[in-house]
Every structure is written in C-alpha cells, then in structure tokens.
Amino acid sequence: MLYTSTRNKEIHVSSCEAIARGISEDGGLFVPEEIPAISPEFIESLVGLDYISRAKKVLSLYLTDFTEEEIDYCVSGAYKKGKFSSDKVACVKKIADGANVLELWRGPTCAFKDMALQLLPYLLTVAAKKTVADKTIVILVATSGDTGKAALEGFKDVPGTKIMVFYPNDGVSPMQKLQMATQQGDNVCVCAINGNFDDAQSGVKKIFTDKAVAEKLNENGMMFSSANSINWGRLVPQIVYYISAYADLIENGTIQNGDEINVVVPTGNFGNILAAYYAKRMGLPVKKLICASNANNVLTDFLKTGTYDKNRKFFTTTSPSMDILISSNLERLLFHLSGEDDSVIREWMGELAQDGKYTVSDAVKAQVLDLFEAGYCDDKATAETIASVFKGGYLSDTHTAVALRVYEDYVKATGDKTETVVASTANPYKFSAAVLKAVGDSIPEGADEFEQVKLLVNETGEPCPPQLADLKSKTVRFKDCCEKDEMITKVYEMLGIN
C-alpha cells in the first residue's frame, strides 16, 4: 500500500516513508491511496482475541512494507502486560442503556494519546532504519495537553531520536503542565509559549515546511518528524481501538456481528473521530459518527453548515485538550470526500490560511451531513453531566463529559437508541479541580493540585492513578516560555545548533 499527500497526488510513498517524514514537504498530510476492506468474517475472527492480536491483524492491512516480525515487535512492545492498567488495554464499560464508554486512558500518562504514542516510537524506529538510517529523528510536537506528555513518555531515551514539545502556557491543566515539566529522559525538551494551541500548532507546521530549517538540520545529521496526529503513524493505531471495541461488544453479548453502532468522540483536532471514519470506511458497521465539541465549536458549525470559520472568540475551557480552532485532520477527511481532489484541498487550505475560513462544495457538504452528527456544550453543561453521570455510578473527566452530554442531546433530538460507543479520552484526575467542583463542594481557597486530588478521592472513592499522584515528589526540569515567533530559535537552542 502506498500513501499520497492531500495537497499533491503525484506523491507516492510507503508507510515507512510517511511515518518517518510525518508531514509531506508541500504541507499536506499523508493518506492511504486505498482504504482496505474488512468483512464480517474478519471482525468475527477478532472476537476472543487479546488487544495485541487484534492490533497486529488490523495494522498489517495498512503497514504492508512492515514484515510480520516487525509488526509483532512494534505491537507487542507497545501494549505488553504492565504498561496499561487493564489487561484489555482499551476497556468497554456499559454505563447506561445504549451507552458504552470506551476507556482509552489506561496507559502510562492517563490519556487516550497513549494508545498511539506507545506504539509510534516502535513504528518510527523501524521506519527510520528502512528510510533514513543515518539521521537523528527530531520529534517536534505541539500539544493542547495530553499529546505532549504521551509523546515525551513514548520517546524518552529512544535511541536515534530527540523530542521537543511546545504547549500553551495558560492552556493546559496544572496536572498536564506538571506531567510535562517533570518529564525524565536525556533526549527530551519542553517549552511553553505565550499563545494558544493553534499558535503552537501553526508554529510547528511552519517549522516543518521551512526549507532553510530542514537544510540546517540536515547539515547536523538530523531530520524532523511528528508525533502529532498529522503523522499517519499516530493516526493508524487509533483505527484499531474502534474495531476492537466492536469485537468486545459482540463478545459480551451487547450486539451481534453486523449490527450497527454509533460512535461519539470528543474532539478538537479531529484525529480521534477521523480514525472512527476510517474504521467505518473499512466496513465496520457504524451508523453515525457523532462529533462532540466544547464552547470552541468550530467543528460543530462546520459539520452542520459546510463552512469552516476560525474567526471567532477563543474560549479557555475546563476541557482544554479540545480548545482548538484549527482542526488539522479535517484536511484528510475533505481529501477523501472530494474524490481525492488535491487542487481543491490546496484551495480550501489556502483560504483558511489567508482568510481564516472556507466553504466546501455542495457535494462534499452532503456527504458530511450523511456521515456526521455534531453538538457542543459549555462548561456549565459539562459540570452538570459529570455530576449526573457520577450519580449513576461512573466518574468522568471533562472531555468525556462533553461527549456524554452531546450523546444525550442527540438521543433526545432523534430518538435513536442504536447501541453507542462513547470515547473516554482522559482520567478524571488530570482535571481534578473541574471534576471536584462538579461532584463536590467548593474547593478551599489556596488548595493546590494535590490537595484537590485528595479531596476528589475522599468525595468519590475513586483512586488516583499512581503516575499522577507521584508527580508531587517529582523535580520540575522545564520552566522555559517563549513567544510564538521565537519557536524556531528555541528549536535551534534546544538542539544545540548555532
């Protein structure tokens, strides 16, 4: 299987090349030239298997230039026993009639990004040996909170790599910031920026496509790659868990093979729900893809109107990992729905860069409306949902609560009782203050993050994961903060390049 660029269909590369590069030199994203099909028999063959076995079968459909032994090495290393707090790796839990939560945060950093970022370092090192064996891979990451820590943890001390993460100084939770600032590893660097996530993401993309920067790195035996979901190696592992969840629903008797399900995803950068789209395109019986946004509802508006407009007020919310107005992965969806028309993608992305908005064709809009439902909720509704779901016996983080509220609104509006999988993307203790306020009394003045954790444990009886609780004793290593137009200079400084 070969991969092409959303902005230049003349490009044809292997999955190894796509993963090693991270992003196409024209600024486009790599996509598979064809999407493999899975049959009901293939799905049935997954029932009863563990997650590692399922992942190997699904990934082999996309990573055709990886040998069977290489895929086994990558997947077995990423999801081996002890790395995740559940032997299932990604757990499906029924929390109400029709509602099944897919817990994607059982990994080492307590966020869904671990599902891909425990695997990506293995994929990237194998890919690099095949394509750029003489280069040090520099992983450059923009994060709205969870990707940064998951990438740092995945790539720490991986030979032949360096990783540097930029995050919005006031746009992540205290726990997320502490996770990154205390990161161990000799090959890691972290820097805050004065700006929001879109500023960080735009800055990273600009660095990626700057030929002078690429030449400077090449002179020093280095090349960039990405751990953001713009990298196909980040996105393809996410397809696995939707197919695996469907197999689990068959296994526990919730559905029969062939039954349709709905999928609800809290999303900001669109990668997580795009993975569900790919699973649907492959043949997974998905009826509706339901996109859940917070107050930064640019995706909700686009999916309902066909116009993407980032020219709006930016909100800092209690679900900060979704505080995004430029959803990079939407470009991949539009490429597929436009009949793989790279010229129209260049046109729309050019309009976005110049005017901050674009409107898709009527044909693409009709497909979007057929595939997707969308909704959003503000912080007040998010807190109400955390409280009501907790009364029902389940403690949710703020992002999952957004998805649960949008799902509840969807059912009320449509009466659709189709069995549904709701992606749960983070452990509630990553956002202790917001969750505590939702389920308990007011927080005592001056209470720090770990006092809030203790109060939340007392209020809910739910244990705090040790990897979060233990941050209290960790030493802060990274305190730097730069302006958004200083990011290139900071990259050179962190790499020791003059």
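What follows is a chat about cavities and helix packing in a predicted model.

Student: What kind of model is this, and how are residues numbered?
Tutor: It is a predicted model, in which local features need pLDDT of at least 70 and side-chain atom pairs count only at pLDDT 80 or more, while totals for chains, interfaces and linings use all residues. Residues are numbered from 1 along each chain as its sequence is written, and side-chain values use heavy atoms, with hydrogens and water left out.

Student: How many cavities of 30 Å³ or more are there?
Tutor: The count comes to two. A cavity is a set of points on a 1 Å grid over the protein atoms alone where a 1.4 Å probe fits but cannot get out, and its lining residues have an atom within 4 Å of a point. A volume is the space filled by probe spheres set on the points.

Student: What's the volume of the largest cavity?
Tutor: About 250 Å³. Its lining has 23 residues, and F112, K113, G268, N269 and S321 lie nearest the centre.

Student: What classes is that lining made of?
Tutor: The lining of the largest cavity has 14 polar, seven nonpolar and two charged residues. Ala, Val, Leu, Ile, Met, Phe, Trp, Tyr, Cys and Pro count as nonpolar, Asp, Glu, Lys and Arg as charged, and the others, Gly among them, as polar.

Student: Which helices supply at least two residues each?
Tutor: α11 (232–251) and α12 (271–282) do. Helices here are DSSP runs (H or I, at least four residues), numbered from the N terminus.

Student: How do α11 and α12 pack?
Tutor: Their axes are 8 Å apart, at an angle of about 60 degrees. That makes α11 oblique to α12, because angles under 35 degrees count as roughly parallel, over 145 as roughly antiparallel, 65 to 115 as roughly perpendicular and the rest as oblique. The axes are lines fitted to C-alpha atoms over the stretch in contact, with angles running from 0 to 180 degrees between N-to-C directions.

Student: Which residues meet there?
Tutor: From α11, W232, L235, Q238, I239, Y241, Y242 and I243; from α12, G271, N272, L274, A275, A276, Y278, A279 and M282. Contact means heavy atoms within 4.5 Å. By class, this contact has twelve nonpolar, three polar and no charged residues.

Student: Which residues does α9 use against α22?
Tutor: The axes of α9 (residues 197–208) and α22 (residues 487–495) come within 10 Å and cross at roughly 65 degrees, which means α9 is roughly perpendicular to α22. On the α9 side the contact is made by D199, A200, G203, V204 and I207, and on the α22 side by M487, I488 and V491. The classes are six nonpolar, one polar and one charged.

Student: And α19 with α20, what angle do they cross at?
Tutor: Roughly 35 degrees, with the axes of α19 (residues 432–439) and α20 (residues 449–460) coming within 9 Å. S432, A433, V435, L436 and V439 in α19 touch E449, Q452, V453, L455, L456, E459 and T460 in α20. That contact has seven nonpolar, three polar and two charged residues.

Key
1 Å grid on protein atoms, 1.4 Å probe; cavity = no way out; pocket = protein on both sides within 12 Å on 5 of 7 lines; lining within 4 Å.
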